[in-house]
Amino acid sequence: MTLLGALALVSGACGPEPATTATTPSETNTGSDTTTTAPTTTAPTTEPGTTTTAPGTTTTEPGTTTSDTTTGGECVAFETFEPPDEDVLPVQFTCGQDAVVCPSNGPAGLFTFEGAPEREDAAGTEDLSRVHCLLEALRDRTPGLVTYELSWPVLGTDRGALEIAGEFVISRREVLNDFNYEYREAALLLEPPQLFADCRAQNTASAAWACLRPYILVDSQQLECVTAPLVCA
């Protein structure tokens with residue numbers, strides 16, 4: 001080897017090593033400091049005027065009423081087949097018109113019958129003047145209470161009452177015999193005064209019964225009923 005070649009080998013062994021580059025994971029910073037953002041939760045948006053109800057609760061629409069009593073638009077009426085504990089009519093509705101109208105001078109009977117109540121010619125009375133008094137009271141809208149009995153063949157006697165309160169009456173009827181018990185009550189609108197005047201002018205029990213029958217039998221199908229709530233004059 002020549003002297004020049006030896007010098008070249010020594011020069012290569014002693015020279016600087018190639019530079020190396022270290023690579024580390026890079027981070028992205030915003031501004032001069034690193035910002036850590038926690039997870040966020042967006043609350044539900046509620047429209048103005050609405051109500052949020054928790055699960056398991058019940059909502060009621062505005063303007064509605066929950067009640068165990070009669071609601072608006074239904075007839076003021078009651079019916080039961082359970083006899084009361086006391087020997088009185090189980091009155092449910094009243095306007096407080098308890099002044100006696102057309103009192104009886106003897107037995108409380110108003111009509112007697114020789115057949116079904118649908119037969120007008122089967123009705124009779126032992127007190128026609130009292131029947132006329134009742135027709136006049138309904139014609140004139142005389143406030144007060146009329147109580148009476150009805151005598152039926154075989155079935156016995158019913159009790160009833162008419163509470164006159166302005167343009168309607170609260171009709172009550174109790175049927176009590178060996179076979180069953182029934183009590184019905186309803187507020188019924190009065191027909192025009194002329195109808196009662198015409199019945200009075202006929203001067204017979206059958207004509208009177210034809211006018212009074214739907215009130216005495218509490219027939220809310222034939223007559224227009226008063227709708228709840230009951231408003232007394």
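**Notes on the predicted model**

1. Ring pairs join Phe111, Phe113 and Trp209 into a cluster, in a model that is predicted. The search of the whole structure returns five aromatic pairs. In the pair of Phe111 and Phe113 the ring centres lie 6.2 Å apart with the planes at 35°, so the pair is classed as tilted, and both Phe111 and Phe113 are buried.

2. As for the overall architecture, the protein has four helices and seven strands, which follow one another along the sequence as α-β-β-β-α-β-β-β-β-α-α. Of the 233 residues, 30% are buried, and the accessible surface amounts to about 15,500 Å², with 53% of that belonging to carbon and sulfur atoms. Among contacts with a separation of 6 or more, 64% are between residues 24 or more positions apart.

3. Glu174, in strand β6 (residues 168-176), deserves a separate look. With a relative accessible area of 4%, Glu174 falls under the 20% cut-off and is therefore buried. The side chain of Glu174 makes polar contacts with the side chain of Arg159 at 2.7 Å and with that of Tyr181 at 2.9 Å. Beyond its neighbours within four places in sequence, the contacts of Glu174 include Pro84, Val88, Leu89, Pro90 and Asp158.

4. The count of disulfides comes to four, and with the bonded cysteines numbered in sequence order the pairing reads 1-7, 2-8, 3-4, 5-6. Cys95 is joined to Cys232 with an S to S distance of 2.0 Å. This pair links distant parts of the chain, 137 residues apart, with Cys95 in the loop between β1 (77-80) and β2 (109-113) and Cys232 in the segment after α4 (205-216). The link of Cys95 and Cys232 is left-handed, with -80° about the S-S bond; Cys95 is buried at a relative accessible area of 16%, whereas Cys232 is partly exposed at 34%.

5. A disulfide also joins Cys102 to Cys133, again with S to S 2.0 Å. Because Cys102 lies in the loop between β1 and β2 and Cys133 in helix α2 (residues 128-140), the pair ties together parts that are 31 residues apart in sequence. The torsion about the S-S bond of Cys102 and Cys133 is about -85°, so this disulfide is left-handed. Cys102 is buried at 5% relative accessibility, while Cys133 counts as partly exposed at 25%.

6. Which S to S distance is found for the disulfide of Cys199 and Cys211? The value is 1.4 Å. Cys199 belongs to helix α3 (residues 193-202) and Cys211 to helix α4, 12 residues apart, and both cysteines are buried.

How values were computed. Residues numbered from 1 in each chain as written. Predicted model: local features only at pLDDT ≥ 70, side-chain atom pairs only at ≥ 80, totals over all residues. Heavy atoms only, no water. Helix = DSSP H or I, 4+ residues; strand = E, 2+ residues; numbered from the N terminus. Buried < 20%, exposed > 50% of the residue type's maximum accessible area, 1.4 Å probe, protein only. Contact = heavy atoms within 4.5 Å. Areas by Shrake-Rupley, 256 points an atom, 1.4 Å probe, with all protein chains shown as cover. Phe/Tyr/Trp six-rings, centres within 6.5 Å; stacked < 30°, edge-to-face > 60°. Polar contact = N/O pair within 3.5 Å; in protein donor to acceptor, adjacent residues only side chain to side chain. Disulfide = S-S within 2.5 Å.
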